[in-house]
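Please keep the model open while going through them.

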Amino acid sequence: MSKGLAFLLASLIIIASLAATSPSVARAQQASWSRSTWILLPAVEGTSGVVTNTTITLSYPGSGQVTVSDNTGPAQPSTLYSMETAFMVAMTYAGLNWRYYNLNVHINVSGQISGPSGSFGVMLAVYTLATGLNDTYLHRFAITGAVSPSGLSGPIGGLPYKCEAASSNGLGIVYPVGNLETGIASCNDTDQVPVAGIVDALVKVLHSYRFNVTLSVEPLPMFNAVMENVATGFINESTSLLRGVNLFDEPQPLQGEVEGYINASEQDIGLAEKFLKTLSYAAASYAFTAYINALAANYTVWAYRAYQSGEGLSQFFSSQSSAITSEAESLIAQAVAYTNSSNGLAYDELAATAFARLADSIYYAGYASSISQEVNVSGAYLPAYYLGVAKARIQSAIGWLIAANATRGTGPLISPQFVASTASSVGAFTDTAIRYANSLISYYVQEFESVGDIADAQVLQSMENDLSFLVSEGDHMLSQGYYLAAIGVYEDALTNALNVIFIETQSFSNPAVISAYARELEMEYSLLGSALSMRGLSSSLDASYMSYATTLMPSDPQDAIYIMESAVVDELVWYIGAVGYSGGEPQAVSTSQSGPSLGATLALVLAAMAVGAMAVAAISLRSYKNYIRSVSRP
């Protein structure tokens, strides 16, 4: 973003902020306050739908506490943790530090509530309370959707029953665009509003100003040069591995899988070579997936040979996993000593990314070992793939460290206190997301066990254990004062948690669904990126992610959506750090129940996120990045 554009945005935000806090609609900051609203959440009881009245109360001062209850007591974990995530996301988009507030959600129903489908509605309610928007628009609908940590509305179950309940109560229904495929033909006469996420809902539900912001940031030249070299290295390594694959002399149970990995690797090598001179990060990403598949082909063959020689499959995968884990841990120890000082914003960003890759290596090595306990020889190709991911991650981490060194001293130095504060804030956000993900895993495990699918239940259980390990590792790094490492590990944990919370439940066979989520993610990315640009945090790395997603969308829209969400979450995470460092104290907001004025709607999102901007405007830094579905990027 040019300096002129950044100045223009800053000017607009200052003007909008002044309009939103004029004497006619706002007063000086209060010492304490409490604001409440209510929303209608549809639910399923047995084989019928009901609409429940839910009261949301936001209060200041607080300590970040969230309580969720129904008429019989506290809510189930999956509901509580989804509401905690909704609270944190809403407050962050409002430009406020959730740690200064408390939230109380009371669901007026007898019987315990479970599941995350009320969390998107609660997020919208909290946002209206935090910004002073008109909450009466919310009362026209029954609102359902599972919030993601980036603000998306994820698909939910029982939509036909919920729609019938909304219709019988004279309400429209707001539901996730991801549920378009399930169909709600029984509600043809109901006002139906499918939404993709928070920005989409602000326009369609709250009738706020329709934003049209485009963010354009050029990658650093030295970053492009390193990514070109990384891509070339992966291409050469993959080609060498493919030549060395020892194919079976006669058809074997795993022959087809091995050939599939080989074909996929060769295809990605071709794509990497295509983009090598034009989009170096996209080239590196394609070359990275080529390397994974080449490794997976070899690991599959090696596993089968070990099986033929009498070695147990689990023993083979466990030994390989241990070797990769040891290698990753050794590199972490070396990198901590090498990077534990500030060398400029670009260096810090890329070094932290290297730690995310190493944490990911350990995560996938453990996951490969875990799932190998439950597969027979015909399924050996699956843990072999995740071993390939784990091994490739180590090499990609080395590439990120090289990129960091190439950008040493680029950009202004950043405050060590800012980095430490960001690590703490990211840790709190990630911890909530992990609890959310783990509660859903527990729910899925119960579902699998109830139908006798013990193998899938055990695989999910191992995923929960691995996620918990990543949080513990991040906590350890934080306690040791290794803040860049802590941020990297936390972001990797968040990446994998997102796969459980949103990605794993999403279907991408409907072009309308793909297009809607892509538009939402583009807008979230641009809005957050614009707010960050005011603070010198414009991310060339996220711009690379978005460019790569564009190249991937025609052939693999699911991965493209993963990558776009990773860019949004990265922007969100550093914005959380900025808000936390600047204080994010509450501002006076309008309590008017009329429609939002032009000044208020201009302040929406961009101006609301600018709270405390003057306190950090002089601090320049660039965010480092995490990934959604990390196997598709180096």
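1. Which residues of helix α4 (residues 159-168) are buried? In this model, which is a predicted one, the buried residues of α4 are Leu-159, Lys-162, Cys-163, Ala-165 and Ala-166. When the helix is viewed down its axis, these buried residues fall within an arc of 160°, so they line one face of α4.

2. It is worth looking next at what lies against that face. The cover over the buried residues of α4 includes the strands β1 (33-45), β2 (48-60), β6 (141-143) and β9 (172-176). After the helix comes Gly-170, and the phi of Gly-170 is positive, near 70°.

3. Strand β2 also holds Tyr-60, and this residue counts as buried because its relative accessibility is 13%, where the cut-off for buried is under 20%. Although Tyr-60 and Tyr-100 are 40 residues apart along the chain, their C-alpha atoms are separated by 6.6 Å.

4. The aromatic rings deserve a point of their own. A pair of aromatic rings is described by the distance of the centres and the angle of the planes. The count of aromatic pairs in this model comes to 24. One of them joins Tyr-281 and Trp-400, a tilted pair with 6.4 Å from centre to centre and 45° between the planes. Because Tyr-281 lies in helix α8 (residues 280-308) and Trp-400 in helix α11 (residues 381-406), the pair ties together parts that are 119 residues apart in sequence. Both partners are buried, with a relative accessibility of 2% for Tyr-281 and a relative accessible area of 1% for Trp-400.

5. A further tilted pair is formed by Tyr-304 and Tyr-307, whose rings are 6.2 Å apart centre to centre, with 35° between the planes. These two residues are three residues apart in helix α8, so about one helical turn separates them. Tyr-304 is buried, with a relative accessible area of 7%, whereas Tyr-307 counts as partly exposed at 41% relative accessibility.

6. Which residues are linked by ring pairs into a cluster? The members are Phe-223, Phe-275, Tyr-281, Tyr-286, Trp-400, Tyr-545 and Tyr-548, and the cluster therefore takes in Tyr-281 and Trp-400, the two residues whose pair ties helix α8 to helix α11.

7. Finally, an aromatic ring can also be examined together with a charge. The charged end of Arg-35 sits over the ring of Trp-33, at 3.8 Å from the centre of that ring.

Key
Residues numbered from 1 in each chain as written. Predicted model: local features only at pLDDT ≥ 70, side-chain atom pairs only at ≥ 80, totals over all residues. Heavy atoms only, no water. Buried < 20%, exposed > 50% of the residue type's maximum accessible area, 1.4 Å probe, protein only. Helix = DSSP H or I, 4+ residues; strand = E, 2+ residues; numbered from the N terminus. Arc of directions from axis to C-beta. Contact = heavy atoms within 4.5 Å. Phe/Tyr/Trp six-rings, centres within 6.5 Å; stacked < 30°, edge-to-face > 60°. Lys NZ or Arg CZ within 6 Å of the ring centre and 35° of its normal.
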